[in-house]
Amino acid sequence: MRIGILGPLEVVAGGRVVEIEGARLRALLIRLALDAGRVVTADTLAQSLWPEGGPSDPAHALQSLMSRLRRALPDRAPVRSVHRGYCLDLPAEAVDVLRFEHLAGEGRRALRNGRAHDAGRLLSDALRLWRGEPLAEVADVPYAAAVAVRLRELRLGTIEDRVDAELAAGPEAAHLVAELEELTAQHPLRERLRGLLIRALHADARPAEALTAYEDFRRLLADELGSDPGPEVREAHLAVLRAEDVRRRRRHGNLPASLSSLVGRTSEQTRITSQLTDNRLVTLVGPGGVGKTRLATAVAIGLDENLSGGIWSTELAEVSDPEDVPQAVAGALGLRETSPLDTPARPRDTVSRLVEALSSAEAVIVLDNCEHLIDAAARLAGDLLRRCPHLRIIATSREPLGIDGEALFPVPPLGLPDPGASAEQALARPAVRLFSDRAGSVRPGFTVDDGNVAAVIDICRRLDGLPLAIELAAARLRSLAINELAVRLDDRFGLLTGGTRTALPRHRTLRAVIAWSWELLTPDERRLAQRLAAFPGDVGLDSAVVVADGSLDDLTALVDRSLLQFDGTRYRMLETIREFGLEKLADSGELSKV
């Protein structure tokens, strides 16, 4: 059996509503329900039912009412006579008011313990028990009036707790604003409601209205009570002011807008973003042309745009002097030089200015193309990360920075289809999707179909799935048929030269991309790379060491610098790098010796 008194009296037993006839009988049941499970003395019941005096023999009259109540309730009704009183023998959860008090208390404890989602659920469950005014049918009885006042106050406090929990859990706040505006109109001097209204307006990105709500309340208190707002309202007000100050000072960053789509890198973006959650430095490593810069930029764009310190991209490709690396980052952040014009700033002074700008706010820096300045980039990254606890760095390089705390993300070539795949199967692979997308840009209407899919697959596979090489190849469709393009890839370095004019010189041709990495090698490393290019397939460790004249260091350097791939057991070169290495091997005169 369930009894509801948060609204008109309701008795439900066995899934059906039980009608209780007679105002006095209903009043008796309501009084017993308030203390369900506990003994209520006969004197207390009599005073509750007849506050202004009743029958000459109240004990007998009460016994008669109890008999009628037992008959009105279902069989084996839980009304027991005990010494000097009576008990409605029901558990607390069977009476809505007692269940409400229990849920409200549990929700409040969850809120205090920081369990906002649990608190919101418990408090909402509690409030759903209300169907109207509490104890409505006995509202004019003195005991009921006092209880009703207490319950209404408890309900209002529970609403405040629920709103507090919802704000803490971080939902959209628009619906809370409307509710709180109605409640503050009903209770204009209630401080907690005003504090919650200010917080809700702030959460709903309405700071001006939040500040106005505070000022209106401050004036109301001064006029009505001659007092100032309490600590909860003042703290809500200060939170808005602080956020507005941060917003005014916030530098959003300098990330360039993307001019073309990023194809086939969704899983990589997700994994790199996840790495940044646990690591403050993530370095994207891979061979030239694999798309490290574009991927790093896409990851940075996808990060929280509300980072108070901004998201900044520093292009190091055109920096030649290692001493200029800190100044390049400062320039990207828009930090003005503080030393006299005729006195160049020292790198350490510039680092100090960077620390001052980045140490107190969450920020992300992209250090792009670090490989030719690897030592200087590593020193700067280490300094900034040690001294700026809220800073994260995404670096791109053809080799790791090699400092503590660095997480590496080897950027792979785009996935390739198997030879003989159908057009539908081929288009499911990122390399073919990229070729199709870029080819369609230069030759409108181009599609991969059963007539050209074999040539497209051949092109993508011979170019190792390298995005830059695929884009350069697709650009050639302005003047070549697809089959002619595939045939002419035998001279890939002479063919793939049509890069965008706005790209760095080393990214305009396929030869320039590989040559840039090649020139960063030591003479011994170049010699080893040339010799390994003579192997048409994988190379085992023993053979690689022989070719390296016994030097494991040179072999390791080629792996670190993304010119050689190691799968855990064997080494291999991408076909494009191998072709370049064979050219260099022939130029060196060693080809006939291998």
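User: Is Phe-446 buried or exposed in this model?
Analyst: The model is a predicted one. Phe-446 has a relative accessible area of 11%. The cut-off for buried is under 20%. By that cut-off, Phe-446 is buried.

User: Which residue forms an aromatic pair with Phe-446, and of what kind is the pair?
Analyst: A pair of aromatic rings is described by the distance of the centres and the angle of the planes. Here the centres are 6.1 Å apart and the planes stand at 70°. Planes over 60 degrees apart count as edge-to-face. The partner is Phe-435, and the pair is edge-to-face.

User: Where in the chain do Phe-435 and Phe-446 lie, and how many residues apart are they?
Analyst: Phe-435 belongs to helix 17, and Phe-446 to the loop between helix 17 and helix 18 (453-462). Their pair links distant parts of the chain.

User: What is the relative accessible area of Phe-435?
Analyst: Phe-435 counts as buried, and the cut-off for that class is under 20%. The value for Phe-435 is 0%.

User: Which residues does Ala-431 contact, leaving aside its neighbours within four places in sequence?
Analyst: Ala-431 is placed in helix 17 (residues 430-442). Its relative accessibility is 0%, so Ala-431 counts as buried. Its contacts beyond those neighbours are Leu-414, Gly-415, Leu-416, Cys-460, Gly-465 and Ile-470.

User: What separates the C-alpha atoms of Ala-431 and Val-456?
Analyst: Along the chain, Ala-431 and Val-456 are 25 residues apart. The separation of their C-alpha atoms is 9.6 Å.

User: How many aromatic pairs does a search of the whole structure find, and what is the geometry of Phe-100 and Trp-130?
Analyst: The search of the whole structure gives five aromatic pairs. Phe-100 and Trp-130 form an aromatic pair, with 5.5 Å from centre to centre and 80° between the planes. With planes over 60 degrees apart as the cut-off, the pair of Phe-100 and Trp-130 is edge-to-face.

User: Why does the pair of Phe-100 and Trp-130 tie together parts of the chain, and how far apart are they in sequence?
Analyst: Both Phe-100 and Trp-130 are buried. Phe-100 lies in helix 4, while Trp-130 lies in the loop between helix 5 and helix 6 (142-169), so the pair ties together parts that are 30 residues apart in sequence.

User: Are helix 4 and helix 5 roughly parallel or roughly antiparallel?
Analyst: Helix 4 (residues 96-112) and helix 5 (residues 116-127) have axes 8 Å apart and pack at about 160°. Angles over 145 degrees count as roughly antiparallel. Helix 4 and helix 5 are therefore roughly antiparallel.

User: How many nonpolar residues are in the contact of helix 4 with helix 5?
Analyst: Helix 4 crosses helix 5 in a left-handed sense. Among the residues in contact are Phe-100 and Leu-103 of helix 4, with Leu-122 and Leu-123 of helix 5. By class, the contact includes one polar and four charged residues, and the number of nonpolar ones is 10.

User: Is helix 6 roughly parallel or roughly antiparallel to helix 8?
Analyst: The axes of helix 6 and helix 8 (residues 191-203) come within 11 Å and cross at roughly 25°. Their crossing is left-handed. An angle under 35 degrees counts as roughly parallel, and helix 6 and helix 8 are therefore roughly parallel.

User: How many charged residues are in the contact of helix 6 with helix 8?
Analyst: Residues of helix 6 in this contact include Glu-160, Asp-161 and Asp-164, and those of helix 8 include Arg-192 and Arg-199. The contact also has eight nonpolar residues and one polar residue, and its charged residues number five.

User: What is the relation of helix 13 to helix 15?
Analyst: The axes of helix 13 (residues 325-333) and helix 15 (residues 374-387) come within 9 Å, crossing at roughly 60°. This makes helix 13 oblique to helix 15.

User: Is Arg-84 buried or exposed?
Analyst: Arg-84 sits in the loop between strand 5 (79-82) and strand 6 (85-88). Arg-84 is not a glycine, yet has a positive phi of about 65°. Its relative accessibility is 64%, and the cut-off for exposed is over 50%. Arg-84 therefore counts as exposed.

Key. Residues are numbered from 1 along each chain as its sequence is written. This is a predicted model: local features need pLDDT of at least 70, side-chain atom pairs count only at pLDDT 80 or more; totals for chains, interfaces and linings use all residues. Side-chain values use heavy atoms; hydrogens and water are left out. Axes are lines fitted to C-alpha atoms, for helices over the stretch in contact, and angles run from 0 to 180 degrees between N-to-C directions. Helices (H or I, at least four residues) and strands (E, at least two) are DSSP runs, numbered from the N terminus. Angles under 35 degrees count as roughly parallel, over 145 as roughly antiparallel, 65 to 115 as roughly perpendicular and the rest as oblique. A crossing is left-handed if the near helix is turned anticlockwise from the far one by less than a right angle, and right-handed if clockwise. Contact means heavy atoms within 4.5 Å. Ala, Val, Leu, Ile, Met, Phe, Trp, Tyr, Cys and Pro count as nonpolar, Asp, Glu, Lys and Arg as charged, and the others, Gly among them, as polar. Buried means under 20% relative accessible area, exposed over 50%, partly exposed in between (1.4 Å probe, protein chains only). Rings of Phe, Tyr and Trp (its six-membered ring) pair if their centres lie within 6.5 Å; planes under 30 degrees apart count as stacked, over 60 as edge-to-face and the rest as tilted.
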